[in-house]
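I will go slowly for anyone who has not seen it before.

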Amino acid sequence: MDGGRRENQGCWRMKDCLFCKIIRKEIPARVQYEDEQVLAFHDINPQAPTHVLIIPKKHLPTLNDLGREDRDLAGHLILKATEIAKELGHADEGYRLVANCQEAAGQAVFHIHFHVLGGRRLSWPPG
Ligand code: AMP
Ligand code: ZN
């Protein structure tokens, strides 16, 4: 049932994880928001005028690794993402909150992250 979880966790240890390094401030990032549970920072290769990534400080490789024990964390991530989108002025014009799960869906960094994209018209469906 959770074979994917174990596989990913085996490949992506916290020590090697790019986003864990950003959390530990070993790699610089333009931080938009931080608290004990989450970090939000600007994407290094923005796909829209606003492109912020919000991540849990807990290392979880993919959305598949969220468990019932992460309910509060998952809720906090989504609520914070909406607050950031509002703060950056996108509430009325609209924005997109998206998370890619696994390589075929476009996931390149195996530490859960939500993309907050705003500031331009976004097409649908995605590629
Ligand atoms: P995904 O393809 O959904 O895994 O998204 C990974 C995102 O991380 C991409 O949009 C990258 O541009 C972004 N990214 C990679 N390295 C960094 C970095 N050092 N700082 C900020 N964003 C990064
Ligand atoms: Zn990590």
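Before anything else, one term: I will call a residue buried if 20 or more other C-beta atoms lie within 10 Å of its own, exposed if 12 or fewer do, and partly exposed in between. Please also keep in mind that what you see is a predicted model.

On confidence, the protein averages a pLDDT of 93, and 91% of the residues score at least 70.

Let me turn to helix 3, which runs over residues 71–87. With 17 residues at 1.5 Å a residue, helix 3 should span 24 Å, and because its end C-alpha atoms are 24 Å apart, the expectation and the model agree. Which residues of helix 3 are buried? They are Leu77, Lys80, Ala81, Ile84 and Ala85. As for what the buried residues of helix 3 pack against, the partners are strand 1 (31–34), strand 2 (38–42), strand 3 (50–56), strand 4 (95–98) and strand 5 (114–118). Just after helix 3, Gly89 takes a positive phi of about 90°.

Next, the ligand. Around ligand 1 the residues are Leu18, Ile27, Ala29, Asp43, Ile44, Asn45, Leu53, Asn100, Gly106, Gln107, Ala108 and Val109. Sorted by class, this shell has 7 nonpolar, 4 polar and 1 charged residues.

Two of the residues in that shell, Ile27 and Ala29, come back when we look at Ile22, which has its place in helix 2 (residues 18–23). Ile22 is in contact with Ile27, Ala29 and Phe41, leaving aside its neighbours within four places in sequence. Ile22 counts as buried because it has 20 C-beta neighbours inside 10 Å. Between Ile22 and Ala40, which are 18 residues apart in sequence, the C-alpha to C-alpha distance is 10 Å.

Leu53, also in the shell around ligand 1, is one of the contacts of His115, together with His51 and Val98, again leaving aside neighbours within four places in sequence. His115 is found in strand 5, and it is buried, since 21 other C-beta atoms lie within 10 Å. His115 and Val98 are 17 residues apart in sequence, yet their C-alpha atoms are 5.2 Å apart in space.

Not counting residues up to four places away in sequence, His111 touches Cys17, Phe19, Cys20, Ile55, His59 and Pro61. From His111 to Ile84, which are 27 residues apart along the chain, the C-alpha atoms are separated by 20 Å.

Finally, some backbone details. Most residues other than glycine have a negative phi, and most peptide bonds are trans. Against that background, Lys25 has a phi near 65°, a positive value in a residue other than glycine. Lys25 lies in the loop between helix 2 and strand 1, and it counts as exposed because it has 10 C-beta neighbours inside 10 Å. Gln102 likewise has a positive phi, about 80°, although it is not a glycine; its place is in the loop between strand 4 and strand 5. With 14 C-beta neighbours inside 10 Å, Gln102 counts as partly exposed. The peptide bond from Trp124 to Pro125 is cis, with omega near 0°, and Pro125 lies in the segment after strand 5.

Note on methods
Residues numbered from 1 in each chain as written. Chains lettered and ligands numbered in written order. Predicted model: local features only at pLDDT ≥ 70, side-chain atom pairs only at ≥ 80, totals over all residues. Helix = DSSP H or I, 4+ residues; strand = E, 2+ residues; numbered from the N terminus. Expected span 1.5 Å × (residues − 1). Contact = placed C-beta atoms within 7 Å. pLDDT = per-residue confidence, 0-100. Near = placed C-beta within 6 Å. Nonpolar A, V, L, I, M, F, W, Y, C, P; charged D, E, K, R; others polar.
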